[in-house]
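Student: Please take me through one part of this model in close detail. I would like to see how its elements pack, with the terms spelled out.

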Amino acid sequence: MSYVLYRLATAVVVLFGVSLVTFGFVHATPGDPAETILIEQTGQQPSSEAVEEFREAEGMNDPVHHQYVDWVTGAVHGDLGQSYFSDAEVSSLILDDLYNTLELAVASILVALVIAVPTGIASAIHQGQPIDVTSQIGALIGVSMPNFWLGYLLIIVFALNLNMFPVAGSGGLEHLILPAIALGTGMAAIVTRLVRTSMLEVIDQEYIDTARSKGLKERIVVYKHALRNALIPVVTVVGLQLGFVLNGAVVIEIVFQRPGLGNLLVDAIFARNYPVVQGVVLVAAVTFVVSNLLVDLSYRYLDPRIKLGESQQ
Amino acid sequence: MVDVSRRTLVKATAAGSVVSLAGCIGGAEEDEESLVIGLNADPTDEQWDDFGGVMGYFLDVTEPLVGASTEMETEPQLAESWEQLDETTWRFELRDVEFHNGEALTADDVVWTFRDVLDREAWTSDWLSLDADGMETPDDTTVVFENTEPMASFPGLINHDYFGIRNPNESGPDAGTGPFELSERGDGEVILEPFEDYRGDVPNAGVTFRYIQDPATRSLSLQNQEVDVIFNPPLNDVSELEESSETDIHTQLATSATLGAVNLYESPTDDETLRRALNYAVDQEEIVENIIDGVGVPARGPFSNAIPWVIHDDLPEYGPDHDRARELVEESDYGGEELVLMVDSAEDEHATIAEHLQSNFEDIGVTTSIRMVETGAFYDTFTDGEANLTIVAFGSNSVASDYLIRTMFHSQGSDNRQLYEAEGTGVYNPGSEIDEMIETGYHTFDEDERFEKYAEVQREIRQTGAVVPLFYNEDVLAYRSGVDGFEPHPIDKKYDWTAVTVGRLD
């Protein structure tokens with residue numbers, strides 16, 4: 001329990017740091033948001049009066065630390081402010097797109113696991129054999145291949161040539177599969193190598209020899225005894241990869257024209273829509289911190305030998 | 001509890017996956033009666049929400065009082081006619097038309113719309129020379145506008161989509177009078193249906209505007225027949241789309257031009273001889289042919305030839321003549337300083353053009369560095385005068401393109417005002433003589449005099465090398481074979497889709 005409280009406290013500190021850095025970076029970015037937004041709306045350089053009026057209305061003339069405190073206070077109460085472009089609540093803009101991004105993230109993680117776990121296991125069991133070499137080369141290609149390029153490749157093959165999926169859009173499984181593969185492949189490559197390494201370590205353990213000496217079938221030894229322990233580091237990496245997935249989603253959402261936080265964030269950055277930028281980054285940070293917390297807490301469940309927060313005897 | 005073995009579970013999952021995938025085969029199905037247009041701008045994003053989600057751009061849901069012909073001349077739209085009562089007063093007579101909800105259009109609706117825009121977008125007051133109390137309604141079908149100063153191009157200015165007339169009692173789908181009415185909107189898509197009681201020709205088909213941000217994805221969506229029409233495919237796809245039997249290309253001279261705006265107040269480009277040398281170094285035809293794949297027209301001046309008062313044919317050609325350019329560099333005060341060429345990082349071709357210019361300038365003995373600036377900060381950096389030469393593209397979204405000449409070359413124009421007010425300089429505004437020409441042209445009601453003043457400005461700008469003209473932009477429309485009947489327009493937002501036939505072959 002004390003460990004959970006400790007982790008929650010550190011999560012709060014991390015989020016405080018994220019809020020500070022995000023706010024600082026956003027406000028240090030070149031370009032006056034008042035001017036940028038008025039230009040975006042009007043197509044012309046606004047008059048200095050119009051800029052001043054906008055700045056006053058949006059509280060940009062307040063001291064920066066006041067603006068920060070106002071924003072954090074609001075955020076703590078669930079109010080992320082309003083978009084500069086309209087009266088839309090930032091939280092509702094985020095909620096509108098969060099589902100699409102999470103859907104893509106979960107699907108791509110599933111794709112990664114479906115590819116990586118069997119491949120990693122096969123690679124470890126058949127170490128040094130053609131299947132291992134092939135999977136390692138595949139993993140290398142997967143890691144090296146930019147996901148947007150893979151996205152275009154998938155579109156050309158499966159949408160244009162085979163006419164199995166639509167090129168762009170959202171809603172329905174048919175719109176999810178190609179983006180999930182494009183985004184999940186990179187992670188699959190990393191996880192494959194991790195599963196392989198982890199399995200190789202576990203397979204060398206004495207308890208695996210014991211299991212074999214008891215006459216258990218190799219399938220039982222691998223899947224029941226070795227895999228469960230080998231997957232513990234995988235859980236960690238998959239949790240950490242959520243950040244990678246959210247990053248990649250920015251590009252993939254553009255390539256497949258899927259609404260999502262990535263598109264929302266990029267548009268907001270170009271338009272200097274600070275409240276939206278800050279809101280999206282904060283939500284992404286919260287998602288990342290919470291997923292890491294859940295990963296840590298899941299250790300104890302996955303491996304009762306691990307006593308979180310207690311010194312090893 | 002049902003006992004399900006792992007093997008059964010795996011089989012069931014696999015079967016489910018196959019069934020799901022089978023459902024995907026064949027791609028998305030489209031309504032055969034609706035034309036689907038892939039846009040490079042989101043018609044549902046926040047900036048389009050100002051008017052209840054039926055912002056006039058592209059959508060033909062609302063209509064302005066004054067229309068724009070394909071020759072870029074004003075023509076009656078919701079106003080049947082208009083006349084100028086004196087230097088600052090205009091009277092507009094309205095047509096007898098109905099909004100989509102069946103209510104009759106009245107003069108009060110027009111005044112409400114203008115006041116709403118003036119309130120939401122305060123800058124428009126300056127632009128139109130119109131205050132919120134500068135309108136009267138002598139009767140239900142007459143509106144009298146009182147400008148704050150003589151404004152000869154007022155009818156053309158209110159052709160802008162901002163001034164699409166809306167019903168004050170409706171904030172959503174029934175707000176307009178246009179040939180299309182709003183059916184659905186959301187997730188980057190707007191679906192329009194023909195307005196069956198439209199006073200003119202009722203559209204043949206509904207239209208769906210779908211935002212597809214990435215140019216490559218737009219092009220692939222067209223090739224996969226998910227959309228029927230796309231604006232601005234990637235340049236390197238244009239010839240392939242043109243040669244394909246399933247797609248076609250239409251190019252249309254746009255109102256915008258791409259140019260190098262030269263900073264007249266920053267050394268060393270404050271030297272006119274050097275600026276002229278830079279102009280002699282540039283080969284516009286080579287840029288059009290080799291960098292933008294022929295999608296554009298080599299420019300001589302700063303404004304597109306689609307604008308009626310542009311005097312492209314009367315403007316001198318500089319070259320290219322690198323020998324003459326080198327002579328001018330020798331004659332100038334240039335001492336080997338590095339010029340800064342600035343480009344918007346979001347404009348792919350602009351970076352390549354900057355590299356091309358850099359190479360040309362190097363050849364005449366002028367060294368340069370290229371500065372890429374992120375889109376959000378680009379215009380601000382430009383108007384701050386932080387570069388010697390900035391590659392920009394400007395055009396007009398209304399039939400009165402006069403505001404372009406003021407925006408770009410008047411000291412109080414929006415491109416120059418910031419530095420002019422702060423330091424008495426500007427960016428590429430040559431000074432008070434040009435300011436006076438622009439003001440005379442802007443306010444005179446004699447069209448010949450106006451055009452002559454604007455011609456003088458263009459000659460002077462060209463002569464002094466305040467810009468390095470590059471090309472007049474062309475809009476590229478790629479469409480599926482079978483789509484027919486659309487009417488192009490120099491302003492891409494004013495394409496007419498009412499007579500289009502979809503001709504979908506399934």
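Tutor: Gladly! A helix crossing is called left-handed if the near helix is turned anticlockwise from the far one by less than a right angle, and right-handed if clockwise. This is a predicted model, where local features need pLDDT of at least 70, side-chain atom pairs count only at pLDDT 80 or more, and totals for chains, interfaces and linings use all residues. Residues are numbered from 1 along each chain as its sequence is written, while chains are lettered from A and ligands numbered from 1 in written order.

In chain A, helix H11 (residues 261–270) and helix H12 (residues 274–302) have axes that come within 8 Å and cross at roughly 145° (helices are DSSP runs of H or I, at least four residues, and strands runs of E, at least two, numbered from the N terminus; axes are lines fitted to C-alpha atoms, for helices over the stretch in contact, with angles from 0 to 180 degrees between N-to-C directions). The crossing of H11(A) with H12(A) is left-handed. From H11(A), the contact draws on A:Leu261, A:Leu264, A:Leu265, A:Ala268 and A:Ile269; H12(A) supplies A:Val276, A:Val277, A:Val280 and A:Ala284 (contact means C-beta atoms, placed from the backbone, within 7 Å). By class, the residues where H11(A) meets H12(A) are 9 nonpolar, no polar and no charged (Ala, Val, Leu, Ile, Met, Phe, Trp, Tyr, Cys and Pro count as nonpolar, Asp, Glu, Lys and Arg as charged, the others, Gly among them, as polar).

For another kind of packing, turn to chain B, where helix H2 (residues 107–120) packs on a sheet, touching S5, S6 and S7 of chain B. The direction of H2 makes about 175° with that of S6(B).

Terms used. Contact = placed C-beta atoms within 7 Å.
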